[in-house]
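Please examine the sequence and the model shown below before reading on. The explanation that follows is meant to be read beside them.

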Amino acid sequence: MSQPTIESVLQEKRLFYPPQTLAQKAQVKSMADYQALYDKATADPQAFWAELAEQELHWFKKWDQVLDWQPPFAKWFVGGKLNISYNCLDRHLTTWRRHKAALIWEGEPGDSRTLTYAQLHREVCQVANALKSLGIKKGDRVGLYMPMVPEAAIAMLACARIGAPHTVVFGGFSAEALKDRLNDAEAKLVITADGGFRKDKTIALKAAVDAALEDNGVPSVKNVLVVQRTKQDVSMEAGRDHWWHELQAEASADCPAEEMDAEDVLFILYTSGTTGKPKGVVHTIGGYNLYTHMTLKWAFDLKDTDIYWCTADVGWITGHSYIVYGPLSNGATSLMYEGVPRPSNPGCFWDMVEKYGVNIFYTAPTAIRTFLKMGDEIPKARDLSSLRLLGTVGEPINPEAWMWYHHVIGGGECPIVDTWWQTETGGFMITPLPGAIPTKPGSATKPFPGILADVVDIDGNPVGANEGGYLVIKHPWPGMMRTVYGDDDRFRRTYWEHIPPQNGQYVYFAGDGARKDEDGYFWVMGRVDDVISVSGHRLGTMEIESALVSHPAVAEAAVVGRKDEIKGEDVFAFVTLEDTHSPSDELKQALKQHVVAEIGAIARPGEIRFAEALPKTRSGKIIRRFLRNLASGEDLVGDASTMEDQSVLDKLREG
């Protein structure tokens, strides 16, 4: 685990205060209001969250105990009964929101749909009944491998309605990656589509599902439900494969929401780890519902009149929390868009803002840096005056991109809500409240009320102002993951044993380096473990290495991240070959394509360097810090005395 470093943002001193017109109407109106909220939550976290849970959510039965904390395992709202699908849909139907737009969707080719809360409720109930007709019952896991279409959100809410935990696999992952995740979750059914549209191409999804299930590859899967999106030819296996539209048409629209325990599993979402096997992050219903609801409501100062757009894919936690569950629980209008900026329409995001009058826009630094490279002319050709708040997610944003986003997209008027959080945390952890907290370019600012964050050294001692350290959370929160699916020991090792307990208090280790400045603002510096953040998506180096080594030409591989001005980080692979193969450009391309086939395009190495050998300690461990230096073109840093053969580095440097 590398020591966090402090970058040039240490010198960033600019401060941007909330516009008075926004602050006056905000739910949290000033720094004093934020501090009062934060102090209240810190003084008695259980009372703080219990009060919000009672005010903000519908419960079939109130809890018996707010928090049962047996470190590192937490249970929130113990004994409470609720249903997140009910909180996202049913409770709005008795209000004026019944006829309000819940989801506005636009496809890449330009087709569109708007679903009111009443219409969305009807479709969710029909699909929930369709799932029941296929034998899905409470507790059964359902895999989703979907394009960005309304049916993805409908499927998630239908699963939640009947108590079937879903596991959504990003549609860009390969058949092999899909198979691994479906097997780990022991999914009983897969919901997919014939295909989807992305960057002017038609993506085959059903074919990937077929490949994953081939030769009984996922023995637990008994049925496949297929959405007709692209109308491309697909194979439909009799008895196993079913068309969504046919089963939905036959299904009743009456499906009462199951009364679920607050600690029943809502979903399993796989995130990359430092070993080859991805981690199944488990989130449960009650705490996650409350936490996504409150973080969205306060951090984006959500209004009933807002058109809110998060540009993420539902295959990632951002899509779960802030396209589906957080917005709909709040009764908001959530925009979904299938497309991404592409050669035929590089300005499509700004077209969406203009067309739908988007008020809140939430995207990733990778996208912002891409837009910056394209120049100001494209966004300036659109009317972006509807924007009130801008958000950023997935990785630290550099000050240059922050300032461009602020001036060109926000017209110098929109506060930037820079959010730090993770799949594991469920929702925002460190974020400005836009009416209250002055922002600094590149800083996620202050912890959300109820989050006790700190920066510590490896022994758990708080570090001084502007000193690099490890980001930790010192008290449980409702949205936290409960475990790694099927592997409590891995949960304990990964998140709770890197930093020793302080005075008997366990701390959550985020895996990110950070610092706190003299004003108590947090600056997140990126990963300190063997996880690469490519365009905000976390990829385990071991998973990519395993994919490379599975190619018959590769004897050994080591993967590191290299800074990339667009993606944040890019994948750089060092590869040694079997004696029967020789380095060539053709082999490089073949290996890159092999990684795509094994994991998905997101993991494609930006560069592969062939090597006769890799730098190792005498005990055989690869010394990755030297490889990171080589990949970045930097001088080698650190003690090389433990290296078995120092000539390996010289040859790599020459190569």
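The model is predicted; local features require pLDDT of at least 70 and side-chain atom pairs count only at pLDDT 80 or more, whereas totals for chains, interfaces and linings use all residues. Residues are numbered from 1 along each chain as its sequence is written, and side-chain values use heavy atoms, with hydrogens and water left out.

A nonpolar core is a set of buried Ala, Val, Leu, Ile, Met, Phe, Trp, Tyr and Cys residues joined through side-chain atoms within 4.5 Å. Buried denotes under 20% relative accessible area, exposed over 50%, and partly exposed the range in between, with a 1.4 Å probe and protein chains only. The largest nonpolar core holds 170 residues, of which Phe77, Leu120, Leu131, Ile191, Tyr325 and Val575 touch the most other members. H6 supplies the largest share of this core, 10 residues. Helices (H or I, at least four residues) and strands (E, at least two) are DSSP runs, numbered from the N terminus. A second, separate core comprises 30 residues, among them Ile104, Tyr337, Phe349 and Val358.

Leaving aside residues up to four places away in sequence, Tyr325 touches Ile84, Cys88, Met156, Leu157, Ala160, His166, Leu266, Tyr288, Thr292 and His320. Contact here means heavy atoms within 4.5 Å.

Tyr325 also takes part in a helix pairing, in which Ala153, Met156, Leu157 and Ala160 of H6 meet His320, Val324, Tyr325 and Leu328 of H11. The residues of this contact comprise 7 nonpolar, 1 polar and no charged. In this classification Ala, Val, Leu, Ile, Met, Phe, Trp, Tyr, Cys and Pro are nonpolar, Asp, Glu, Lys and Arg are charged, and the others, Gly among them, are polar.

Two packed helices are described by the angle between their axes and the distance between the axes. The axes are lines fitted to C-alpha atoms, for helices over the stretch in contact, and angles run from 0 to 180 degrees between N-to-C directions. For H6 (residues 150–162) and H11 (residues 317–329), the axes come within 11 Å and cross at roughly 60°. H6 is therefore oblique to H11. Angles under 35 degrees count as roughly parallel, over 145 as roughly antiparallel, 65 to 115 as roughly perpendicular and the rest as oblique.

A second pair is formed by H2 (residues 31–43) and H3 (residues 45–56), whose axes come within 5 Å and cross at roughly 115°. H2 is thus roughly perpendicular to H3. Here Leu37, Lys40, Ala41, Thr42 and Ala43 in H2 meet Pro45, Phe48 and Glu51 in H3, and the contact residues divide into 5 nonpolar, 1 polar and 2 charged. Ala43 is exposed, at 68% relative accessible area. Its C-alpha atom is separated by 58 Å from that of Val234, 191 residues apart along the chain.

Some backbone details remain. The peptide bond from Pro71 to Pro72 is cis, with omega near 5°, and Pro72 lies in the loop between strand S1 (65–70) and strand S2 (73–78). Phe77, in strand S2, has a positive phi of about 55° although it is not a glycine. Phe77 counts as buried because its relative accessibility is 0%. Glu186, likewise not a glycine, has a positive phi of about 55°. Glu186 is located in the loop between helix H7 (175–185) and strand S8 (189–193) and is partly exposed, with a relative accessible area of 47%.
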